[in-house]
Amino acid sequence: MLFRSELERGTAQLIAEGLPGQPVVFTSFGDNRYGAGGTFDTNGILPDSRTAGDWGGIFLNMGSKASIDNAYIGFGGGQTPIEGGYSTFDVIEVHQGDLRLANSRIENNAATTATTDRTGRGTNAPATIFVRGAQPIIVGNDFRDNAGAVVSINTNSLIERVIADPGRSTGTISRYSQYDANYGPLVRNNRLTYASGLGATVGMVVRAEEITTETVWDDTDIVHVLTSEIVVQNFNAATGIRLQSDANASLVVKLLGANAGITAAGYALEIDDRIGGTVHIVGAPGYPVVMTSLTDDTVGASIDASGFPVTEIGRAHV
């Protein structure tokens, strides 16, 4: 429970790239399924004693980089020491860092909310992957029975800049070139398998804030979840929000709460031709942008490990 891998500000780097069938493993001290040498019972306790939250997680500070490919990440999202005490961490947190997570299994991780800013590390929210001010590459992964949201990201991280998958840092590059036209974070081709009643949100929670840059929501493989108000004020150099489907899939946004939504606002200036906030919702023939209730289990965007559609997104209401 006391372990956390923290990449410090600047040039810190983590490369954890395994191979198919030979993953890099991050798991609980009590997980007797993995080990080396003559015994897998690392903690000397039988039977297996692994539980969600047994260790902290992988924390990317500003400017740091991590490339995780063909890995297993399980039973994290717990409490670890910080200066002057303890605090909780999501199993993966990216704070203005550079993350590529691909072809990995992430399962049975806890998710809690830190009660302080963790001595300058910033707050978090219950999620498997928490993102602030970053554009991670999250492709080809298998998420199973984690608590919280699959991804929690702030609105202004969804920038209107083309970001493609750079591929691995070691061995063959093995990049997902089919998504080279992607805007902002790349969250595609993941499998989401969650038990009913778990209390998780099987989607990408977009944390609302005032828009300060041009933003695009275009990841059609995962439901975007919104529970409060995004405000788009006067146009200033590059601001606004665009929700867009692609040519063969709908963008799905699910909302919950009296204030959940997107507001194109604006305020008077000393010039007569000022431009207010802009919101564009752009579907495609046969593939509209879908905006519906979080409790609407008739529509979804992802598939599970068996290839079935995932439509029950807000597990907390089950």
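Reply: Five strands make up an open sheet in the order 2-5-10-13-16, with parallel pairing. Its edge strands are strand 2 (13–17) and strand 16 (186–188), each pairing on one side only. This is a predicted model, where local features need pLDDT of at least 70, side-chain atom pairs count only at pLDDT 80 or more, and totals for chains, interfaces and linings use all residues. Residues are numbered from 1 along each chain as its sequence is written, and side-chain values use heavy atoms, leaving out hydrogens and water.

Me: What makes strand 5 and strand 10 a pair?

Reply: Two strands pair if DSSP finds at least two bridges between them. Strand 5 (residues 65–69) and strand 10 have five, in the parallel sense, so they pass.

Me: Why is Glu 93 called buried?

Reply: Buried means under 20% relative accessible area (exposed is over 50%, partly exposed in between; 1.4 Å probe, protein chains only). Glu 93 comes in at 0%, so it's buried.

Me: How do you know which residues Glu 93 is in contact with?

Reply: Contact means heavy atoms within 4.5 Å. Leaving aside neighbours within four places in sequence, the residues in contact with Glu 93 are Ile 58, Phe 59, Leu 60, Arg 118, Asn 124 and Phe 130.

Technical notes:
Helices (H or I, at least four residues) and strands (E, at least two) are DSSP runs, numbered from the N terminus.
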